[in-house]
Amino acid sequence: MNEKYNLGSVYFGILGVVALVCGIADLVVVAGGDSFSWGILEIPSDPFRGGWGGLIILFAGLFYLYSIKNFSEIHHFSKAVMGSILVWVIAGCDILAMITESIPGGEEGGWFNTLEGFLGTYAPPYAPAIFLLPFSLVIIYHLHKRGGTNADMEE
Amino acid sequence: MKVLLMGHPNVGKSVVFNRLTGANVIISNYPGTTVDYTKGYMKVKGKDFTVIDVPGTFSLEAKDKAEEVAVKMLEEEKDAVVICVVDSSKIERGLYLTLEIIERGYPVILALNMWDIAQDKSIHIDAEKLENILGIPVIPTIAINGKGIKDLVSKIKDATPVETDKILEKVGGKE
Amino acid sequence: MKLTVDERWDLIEKISKETVIFGVYKHTVKDAIGELTVKPLTGIPIAFAVLYGFWSFFGSFAGFFTDGFFVKLFDEHWLPWLQDVFPGGLGNWFYAIMVDAGHMENGILVASDNCFESFGVLTSGFFLAIGVVLPAIIAFYLILTLLEDTGYMPRLAVLIDTVLHKIGLHGFAIVPTILSLGCNVPAVTASRILETKKQRFIMMTLLAIFIPCGAQLGIMEEVIPDTIGFVLLYLFTGYFILGFILHKVLPGKSPEILIDVPPYQMPMLRDVAMKLWMRVKGFFKIAIPFVLLGCIIVNILYLANIIDWLANVLSPVLSGWFGVPKETVGPLIAAFLRKDLAVAQLSAIEMTKYQMITSVVLVSIYFPCVATFMMLLKEGWKDLLGSIAVLALVVFLYGGLLHLIWILLGVA
């Protein structure tokens with residue numbers, strides 16, 4: 001077995017646990033009813049972003065953890081790819097929501113937001129999915145290592 | 001003159017149709033997008049053709065309403081040329097429908113569509129030999145990016161009805 | 001000469017032996033991901049994520065245009081400007097139809113200050129069609145098109161096959177169902193991919209009754225953002241309950257299907273753009289005339305006091321059986337023409353949160369809009385009559401049930 005893949009399974013094992021914890025934290029916060037912030041982390045309490053979204057982050061964690069059983073084998077590896085895709089869906093939706101919120105002027109303002117208001121929308125705190133996003137991108141490196149989508153690495 | 005586009009569901013008939021006629025009919029990556037026929041027109045060397053995008057059908061024994069439309073269409077257009085669009089990666093199934101149409105005495109052109117996908121799946125088809133055996137024009141196409149469509153158009157005039165006996169003979173007769 | 005089925009396969013085998021070489025096929029990551037999306041254990045979480053993405057995008061995109069810009073444009077600029085320059089003025093009948101009918105406050109007729117309440121052709125009509133429905137429809141069809149062209153739809157069909165078999169349909173019924181969330185009209189045509197008469201009848205009846213269209217969803221997001229989740233849940237539950245009953249009651253077959261799952265594909269920009277454009281255009285050809293016509297007709301009925309009269313006549317049914325204010329009769333009439341229009345009109349009526357939920361549910365289930373009605377008629381009048389009979393029963397029982405739930409919860 002290739003050393004790269006061993007490293008990969010350790011990495012995604014840790015990421016999987018983190019994602020799982022984030023997902024569970026999301027669900028706990030939603031069940032509690034008040035949103036939770038800690039430093040630059042904010043867990044939303046609304047049932048859509050927190051509850052539904054949290055559930056998906058939890059699934060992403062499970063996908064990662066399933067994949068490390070045999071990371072070099074293609075069917076297990078693709079579970080890690082799927083885990084990352086789930087994180088991208090949630091984080092992507094969060095970011096899109098931020099973007100669409102940042103541009104218009106709001107009820108009181110003019111047509112467009114002020115520059116401070118615009119930039120302010122992107123200031124922390126962020127939801128957990130946003131923090132997971134950069135770490136999930138590592139999967140692209142592994143996909144590349146495999147030689148795109150067409151390589152076979154079964155040994 | 002009329003040209004019918006026939007083939008299994010989701011082999012890209014509507015994509016071929018859009019490329020042939022420049023019309024815009026809805027295409028999707030799943031079977032059953034076309035449930036009714038659509039007509040379009042094209043001009044080849046000054047000759048007008050009516051092209052009809054027929055709903056997908058697995059065989060000429062219709063099983064659902066969309067397939068009924070397809071079979072009825074074929075029966076109504078007695079003097080049409082049929083472009084049989086098949087998924088190259090599932091060529092055998094496609095040949096079944098092609099043979100059925102040939103047997104009914106229609107001039108047929110075979111478009112081996114999704115040629116790229118067949119290659120991805122390392123399925124290699126000898127189109128020339130197939131053309132020889134069937135006695136009809138056989139053209140590999142990748143409709144989604146337009147490859148082979150020009151060839152397809154230029155071969156429409158070469159299509160003639162073929163006797164099934166001739167095909168049987170070429171592969172060694174009936175057992 | 002015609003061959004028998006066996007002879008034909010025999011011939012094909014010989015031909016393919018001479019012309020086709022099947023190489024060894026190696027699994028790719030793409031294939032492996034394809035498998036993950038189809039197997040229930042992994043596929044269901046993925047479907048959840050897809051739905052999440054769908055809804056989140058829909059909300060962000062539509063909210064951006066509607067709340068971000070169009071509400072401001074129409075309420076702060078278009079409406080006041082028209083109130084200023086349009087001949088006539090409050091109280092004039094033509095002004096009421098075109099711009100603003102106003103409403104009574106302490107016995108005085110006052111002008112409306114937003115385009116949901118004014119209900120003129122030029123104000124509410126344009127605002128709903130362009131400001132609210134257009135962004136919603138574009139957002140919906142954009143995602144739908146991407147899901148279709150990548151090849152996710154048939155996988156969803158495989159995934160949900162078992163569930164849909166319980167209501168006499170099969171996996172592929174998900175296509176008309178999802179299409180219907182955009183507009184019921186093309187969905188009725190799409191239900192032709194179902195094999196038997198029974199399946200088509202079940203499908204069309206369920207679509208006509210329980211699936212709200214994209215225009216309606218857009219307005220609901222705008223008018224009842226907090227309770228839309230509950231309304232949708234109630235409608236989708238109804239979809240399954242009624243489907244289950246119809247499946248048990250109706251004679252006829254519900255055959256199995258074999259779904260051909262095509263490979264995942266990168267959608268082509270040209271095709272996506274073209275399809276999006278055609279669908280949005282197709283939608284608006286149907287929608288705009290009916291929205292504008294709807295405004296005119298409802299206004300005339302109001303002005304002629306017909307709505308007041310109907311409200312009083314139907315009051316026992318509406319407030320007694322369904323527990324909603326009698327004024328909802330106006331929106332219910334508008335719902336014949338356009339459901340989005342009807343929901344918008346509901347928002348202008350004073351009522352409790354729970355009455356609002358019931359009214360929105362009633363508007364959704366009680367009759368297909370004119371355009372859908374015509375499509376159903378095209379598919380056969382006998383089935384249509386059957387659907388309407390089922391529908392009448394469902395409206396009374398399922399609508400009444402909601403009232404009963406509120407009574408039991410003590411909030412009616």
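Is C:Arg279 buried or exposed, and what is its relative accessible area? In this predicted model, C:Arg279 has a relative accessible area of 11%, and because buried means under 20%, C:Arg279 counts as buried.

Side chains of opposite charge can pair when their charged atoms come close. C:Arg279 forms a salt bridge with C:Glu148, and the closest N and O atoms of this pair are 3.2 Å apart. The two partners come from distant parts of the chain, since C:Arg279 belongs to helix H12 (residues 269-303) of chain C while C:Glu148 belongs to helix H5 (residues 121-150) of chain C, 131 residues apart. C:Glu148 is buried as well, with a relative accessible area of 0%, and both residues take part in a network of salt bridges that also links C:Asp149 and C:Lys275.

Another pair in chain C joins the side chains of C:Arg192 and C:Glu379, which meet in a salt bridge at 3.2 Å, N to O. C:Arg192 lies in the loop between helix H8 (184-190) and helix H9 (197-210) of chain C, and C:Glu379 lies in the loop between helix H17 (370-378) and helix H18 (381-409) of chain C, so this pair ties together parts that are 187 residues apart in sequence.

In chain B, the side chains of B:Lys90 and B:Asp87 meet in a salt bridge at 3.8 Å, N to O; here B:Lys90 is partly exposed at 27% relative accessibility, whereas B:Asp87 is buried at 8%.

Notes: Residues are numbered from 1 along each chain as its sequence is written. Chains are lettered from A and ligands numbered from 1 in the order in which they are written. This is a predicted model: local features need pLDDT of at least 70, side-chain atom pairs count only at pLDDT 80 or more; totals for chains, interfaces and linings use all residues. Side-chain values use heavy atoms; hydrogens and water are left out. A salt bridge is a side-chain nitrogen of Lys or Arg within 4 Å of a carboxyl oxygen of Asp or Glu. Buried means under 20% relative accessible area, exposed over 50%, partly exposed in between (1.4 Å probe, protein chains only). Helices (H or I, at least four residues) and strands (E, at least two) are DSSP runs, numbered from the N terminus.
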